[in-house]
Amino acid sequence: MFYEFLDADEKCQKLLARLLQRKHMWRRTSKIGYPDIAHDISPVLLALRDKGYIEDATSLKDLGIVLRLLSPYELKTLAQVFKLKTSGQGKGSLADSLLDHCSKQQPVLFGSRKTSLQQLVLKRYEASRILETELIQATAEKKWDKAKQLFYDIEKLAKSTDALERQERDQLLAPFLRHFSMCGVYTRCRCLGVDVLQRLKEHRHAIKVLQDLLDQKLYCQSRRGHWWDRLALNLEVHLGKPNEALKVLHEALDDPSISPAARHALVTRANRLAVKMPKGVSPTLESLLKLEKFDTLPQVNPRLPV
């Protein structure tokens with residue numbers, strides 16, 4: 001293993017050396033920050049895990065440790081899911097209450113403690129649904145500052161190591177089942193977060209989120225056409241970059257997963273923009289637009305969300 005360490009990536013070597021100097025205990029990725037090694041430490045941690053130097057959440061079997069790793073906000077949300085008292089409760093008290101509650105539940109698989117941990121995973125999915133509901137409610141009530149804060153909280157959860165690991169497992173699920181996963185909920189929230197950012201005139205941030213959504217191919221794929229359209233709109237109208245918008249539209253029309261209706265909207269936007277900027281249209285895009293002729297709006301059959 002020593003020679004493997006010498007052959008490892010420099011970032012992996014530096015991070016492992018730092019971790020070995022700290023107390024041996026479970027830590028959340030958000031609590032591990034070494035900007036001099038990497039601004040985003042998650043990929044380096046995953047590389048160390050793959051090499052066997054560190055363990056991830058799949059090796060964590062103690063429910064008490066899991067609960068104490070959660071933030072006060074996450075503990076409170078979980079306690080609300082279990083309908084436990086939360087007012088006036090500190091982090092330690094909430095963790096103890098949850099642990100006591102889980103220990104009293106009727107076991108499903110031979111009374112194993114692992115079952116309680118599996119139940120907790122399901123409850124974390126339910127907790128993500130609560131966050132989604134709160135975000136939807138905040139936007140419906142036009143409480144944009146509250147909605148923005150909820151979105152930022154969800155962004156952190158969506159980029160956590162736990163979420164990245166669950167994405168690996170979700171690849172084994174059928175597309176329609178991913179809609180009912182924790183990361184699927186986070187993706188829907190990020191999609192709604194784009195609307196929040198646009199309302200608050202934070203168009204550059206909205207563009208970054210849209211690009212992240214389009215970079216992933218697991219969740220909410222039926223919305224890709226909408227994401228492409230919003231990205232082109234933000235670039236053209238709000239950032240004043242019509243040439244980049246045309247490039248985005250060209251890339252969008254090469255995306256085989258967009259629906260016929262979304263394709264119609266993208267072609268319409270591309271044609272309108274091409275009239276304004278004929279010199280910005282590449283020959284390939286021009287040829288593509290000539291082939292895209294819709295006499296009527298395409299009919300779309302209803303389908304399950306993915």
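Is Cys220 buried or exposed? Select Cys220 to find out: its relative accessible area is 4%, so Cys220 is buried (under 20% relative accessible area, against over 50% for exposed and partly exposed in between, with a 1.4 Å probe and protein chains only).

Before moving on, a word on the model: it is predicted, so local features need pLDDT of at least 70 and side-chain atom pairs pLDDT 80 or more, while totals for chains, interfaces and linings use all residues. Residues are numbered from 1 along each chain as its sequence is written, and side-chain values use heavy atoms, without hydrogens and water.

A search of the whole structure finds zero disulfides (pairs of cysteine sulfur atoms within 2.5 Å). Cys12 is worth a click too: at 4% relative accessibility, it counts as buried.

Next, select residues 224-238, helix H13 (helices are DSSP runs of H or I, at least four residues, numbered from the N terminus). Eleven of its 15 residues are buried, so H13 is largely enclosed by the rest of the structure. Among them are Trp227, Trp228 and Leu231. Show H11 (182-199), H12 (203-215), H14 (242-253) and H15 (260-276) as well: the buried residues of H13 pack against these helices, where contact means heavy atoms within 4.5 Å.

Finally, pick Phe180, in the loop between helix H10 (175-178) and H11. Together with Leu173, Phe176 and Leu177, Phe180 forms a nonpolar surface patch of about 350 Å² accessible area.

Conventions
Helices (H or I, at least four residues) and strands (E, at least two) are DSSP runs, numbered from the N terminus. The expected span of a helix is 1.5 Å times one less than its number of residues. Patches are made of residues with over 30% relative accessible area and no salt bridge: like charges are joined within 9 Å, nonpolar side chains (Val, Leu, Ile, Met, Phe, Trp, Tyr) within 5 Å. Accessible areas come from the Shrake-Rupley method with a 1.4 Å probe; for residues, only the protein chains shown count as cover. A salt bridge is a side-chain nitrogen of Lys or Arg within 4 Å of a carboxyl oxygen of Asp or Glu.
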